[in-house]
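Hi there,

Here is the structure I promised to pass on to you. Have a look at it first, and then read my notes below.

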Number of protein chains: 2
Amino acid sequence: MQNKVQPRILPGFMELLPEDQIAFNKMYDTIRKVYEQYGFLPLDTPTIELSEVLLAKAGGETEKQIYRFEKGDNDLSLRFDLTVPLARYVAQHYPDLPFPFKRYQMSKVFRGERPQKGRFREFYQCDIDVIGSDTLDLVYDAEMPAIIYRLFKELDFGSFTIRMNNRKVLNGFFTELGYADKIGDILRTIDKLEKIGRDAVISELTEYGVQAADTERILSFLAITGTNDEILAGLSAAGVSNETYLEGVAELNKVVDYLRKFGVEESAFRIDLTIARGLDYYTGTVYETMLNDYPSMGSVCSGGRYDNLTGYYTDQKLPGIGISIGLTRLFYQLRENGLIKKAGSIAKCIVIPMGEDDMGTAVSVAAGLRGQGIPTDVYYQQKGMKQKMKYAARLGIPYATIIGESERLAGTVMLKNMETGEQEAVAVSELAAKMR
Amino acid sequence: MQNKVQPRILPGFMELLPEDQIAFNKMYDTIRKVYEQYGFLPLDTPTIELSEVLLAKAGGETEKQIYRFEKGDNDLSLRFDLTVPLARYVAQHYPDLPFPFKRYQMSKVFRGERPQKGRFREFYQCDIDVIGSDTLDLVYDAEMPAIIYRLFKELDFGSFTIRMNNRKVLNGFFTELGYADKIGDILRTIDKLEKIGRDAVISELTEYGVQAADTERILSFLAITGTNDEILAGLSAAGVSNETYLEGVAELNKVVDYLRKFGVEESAFRIDLTIARGLDYYTGTVYETMLNDYPSMGSVCSGGRYDNLTGYYTDQKLPGIGISIGLTRLFYQLRENGLIKKAGSIAKCIVIPMGEDDMGTAVSVAAGLRGQGIPTDVYYQQKGMKQKMKYAARLGIPYATIIGESERLAGTVMLKNMETGEQEAVAVSELAAKMR
């Protein structure tokens with residue numbers, strides 16, 4: 001007898017049992033439906049790209065995480081996000097695309113991180129982006145949170161808050177203080193405010209050469225809170241005259257104004273000056289989304305505006321705005337918090353023929369139900385009735401349709417409600433209606 | 001100015017423009033819907049597996065094509081089909097699965113082949129399999145072609161033929177002739193009958209040590225044609241007494257009988273004794289599916305029964321049956337043959353505000369349409385009317401809803417049928433109905 005290989009997968013990869021997979025797919029389908037309802041076009045770029053192309057911009061931590069390998073003469077990499085492939089795609093197919101180009105892509109990306117709880121090496125990203133040719137109107141900055149709003153209403157995981165900021169506000173403020181060359185470091189430090197606390201932030205800022213007086217000004221600036229209108233008023237009254245700053249404040253005002261026109265509830269979005277988003281390329285409005293009852297999950301949907309998507313591939317100026325959901329991680333977190341509702345089976349009915357003579361009837365009854373849009377399984381194994389019903393119960397199918405000789409001869413079936421256990425003889429013609 | 005990287009992808013990878021992607025997704029969704037209608041459960045295994053696990057069985061040509069690489073201490077491979085991951089999954093999760101286990105998986109697989117027309121290195125496979133624990137009834141052998149039948153009716157690419165054979169018939173026949181040890185070679189040679197012709201097959205068979213008299217018997221056996229009933233009669237009258245053979249003939253008879261009970265048109269399936277399928281693991285019923293008007297495409301949906309899915313991982317006996325569609329290749333071939341119908345846009349309406357004051361109305365009209373299930377895009381760029389209409393036309397959206405000051409004040413919109421060019425003022429409340 002040959003040696004058996006132990007069947008297993010790598011740590012850091014998610015693999016679900018069917019019941020969870022159904023719940024996962026339901027989330028996936030909901031997100032896709034909302035993206036399509038807003039006019040986004042589907043895209044499906046290759047999983048494997050040329051390293052030279054994919055890594056044109058990457059460096060540091062990202063590059064270390066890449067699954068990169070050679071095959072034949074080619075230096076290849078698995079995509080680590082959907083943004084770089086989008087940039088490559090738009091640069092490559094520019095003449096063939098309508099602009100603004102609105103696309104969604106919901107695909108797996110790959111990062112060879114050290115495995116840890118809730119971090120995955122292979123995970124779904126669900127992205128939308130709008131790419132303008134040369135210009136992209138500010139209204140799109142409001143459309144994004146409007147879509148997040150619709151999305152999380154549909155996903156139905158309780159109340160949530162879309163936090164919003166504008167990088168120009170931060171950039172302009174820090175430029176005025178004379179820290180233009182340290183914006184990156186300062187923003188990264190401030191990004192950790194919630195995580196490491198005020199004192200640690202101050203000491204880190206001091207390390208970066210921020211003067212004590214400025215540190216205070218920075219922290220009191222970031223302490224501007226209140227309603228959206230109060231924050232907007234606070235920003236205007238902050239005594240900052242830097243032009244980028246004023247532009248950012250004007251943009252925030254307009255985006256808030258549009259969001260109200262878009263019918264987004266005031267309680268669902270909030271200006272938050274501490275939001276910077278780590279990535280270098282955001283240049284305007286930025287977003288994070290928090291589930292109010294589960295702040296420890298962190299942001300479940302983030303994104304923002306960038307000035308130039310495709311700088312590494314083309315001189316064409318292509319500003320854009322986008323958001324991303326890390327679906328695999330989100331699903332994992334929701335499940336850990338008991339927030340994944342049982343999705344139930346896809347099949348609404350299982351047809352169970354009692355004996356071999358009932359097969360033909362079973363098949364035609366199943367075909368009839370499918371024709372009326374009711375996904376229907378049939379149990380064809382010749383086992384005992386007990387085992388047949390166990391299969392039906394295990395799959396969580398709500399209705400069983402049992403067909404034996406007496407039913408067959410009477411042109412009826414025995415319809416069993418698997419939840420209540422009730423059963424009744426039903427004419428085949430009335431079966432679909434009974435189940436609805 | 002920095003050097004630009006030329007945006008491009010590798011040869012042998014399919015990447016579509018949005019319009020084609022919509023058509024591709026439509027096929028994908030149709031296949032998924034049919035699979036779900038028949039009670040198959042979704043599965044999504046990792047793209048990356050441990051080489052030791054994934055390649056437990058592989059060898060020869062397959063192994064050469066694998067994308068295999070190291071990351072950290074791990075020897076990894078990209079899946080090259082969905083069958084080996086299924087075997088691994090079933091062996092790994094056996095106690096948690098319902099049997100018969102019916103699953104579908106529609107995911108990308110990877111093969112580093114030399115690129116050639118119509119062959120892809122990364123492509124979608126759309127698989128269903130039914131796995132029995134210890135036994136799996138023969139009725140499932142008939143359910144598979146019944147699903148193929150439903151599937152290709154829904155896909156609507158014209159008439160098709162499901163060719164069917166049974167490996168026991170072939171194996172038994174050749175065992176009786178004394179070529180039990182050469183079945184593999186003989187079947188592979190016969191598999192090429194259509195491709196290389198009768199003479200080349202004879203000379204190849206002779207090379208394998210088949211006697212001249214037997215060659216004739218083999219070829220006349222394979223020349224048993226006619227209606228399904230005529231072939232079944234011919235098989236019974238062929239004078240073969242080998243037990244496996246007789247079992248195969250009995251199975252074919254039963255499967256044909258069931259297929260008729262399943263309501264599959266007689267013209268849609270045909271016993272074809274030349275069908276063997278290359279893979280070693282098929283042991284019973286095998287299938288191929290031909291589009292009648294496009295025989296050069298080869299089989300567009302193939303599969304069959306195997307005795308033991310998971311021999312490399314477990315002693316548990318798990319017989320199964322499955323079919324597979326290579327969707328990427330199929331889409332490519334259909335497009336080459338002009339068989340991909342324009343799928344049209346996903347959005348059914350584009351709302352176009354004339355000026356900035358019309359934004360609010362535009363957004364609320366769009367929200368209303370989406371709420372009624374009509375995917376709706378909005379054009380937010382402040383461009384001229386001509387450019388706005390060009391965008392709508394380019395996307396192929398059937399209706400444009402134009403909102404200017406006069407419409408806004410009157411509570412109406414201008415609804416334009418983009419195909420006919422006709423336009424009329426419509427009350428907002430009647431808009432959805434007008435478009436249906």
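**What I found**

In chain A, the domain assignment gives domain 1 (12–144 + 293–337), domain 2 (159–290) and domain 3 (349–435). Please keep in mind that this is a predicted model. Taken over C-alpha atoms, the centres of domain 1 of chain A and domain 3 of chain A are separated by 44 Å.

Next, a pair of helices to look at in chain A. Helix 1 (residues 18–37) of chain A and helix 5 (residues 139–155) of chain A have axes that come within 10 Å and cross at roughly 145°. The crossing of these two helices is right-handed. From helix 1 of chain A, A:Met27, A:Thr30, A:Ile31 and A:Val34 take part in the contact, and they meet residues of helix 5 of chain A, including A:Ile147, A:Arg150 and A:Leu151. Sorted by class, this contact between the helices has six nonpolar, one polar and two charged residues.

Now to the two chains together. How can chain B be laid on chain A? A turn of 180° with a shift of 0.0 Å along the axis does it, with an RMSD of 0.1 Å. The two copies are therefore related as by a two-fold rotation axis. In chain B, the C-alpha nearest that axis belongs to B:Phe69, 3.0 Å away from it.

The contact between the chains takes 73 residues from chain A and 72 residues from chain B. On the side of chain B that touches chain A, there are 37 nonpolar, 17 polar and 18 charged residues. The copies meet through the same surface, because 100% of the interface residues of chain B are also interface residues in chain A.

Enjoy exploring!

Note on methods:
Residues numbered from 1 in each chain as written. Chains lettered and ligands numbered in written order. Predicted model: local features only at pLDDT ≥ 70, side-chain atom pairs only at ≥ 80, totals over all residues. Least-squares fit on C-alpha atoms with pLDDT ≥ 70 in both. Contact = placed C-beta atoms within 7 Å. Nonpolar A, V, L, I, M, F, W, Y, C, P; charged D, E, K, R; others polar. Domains from an automatic or database assignment. Axes fitted to C-alpha atoms, helices over the stretch in contact; angles between N-to-C directions. Helix = DSSP H or I, 4+ residues; strand = E, 2+ residues; numbered from the N terminus. Left-handed = near helix turned anticlockwise from the far one by under 90°.
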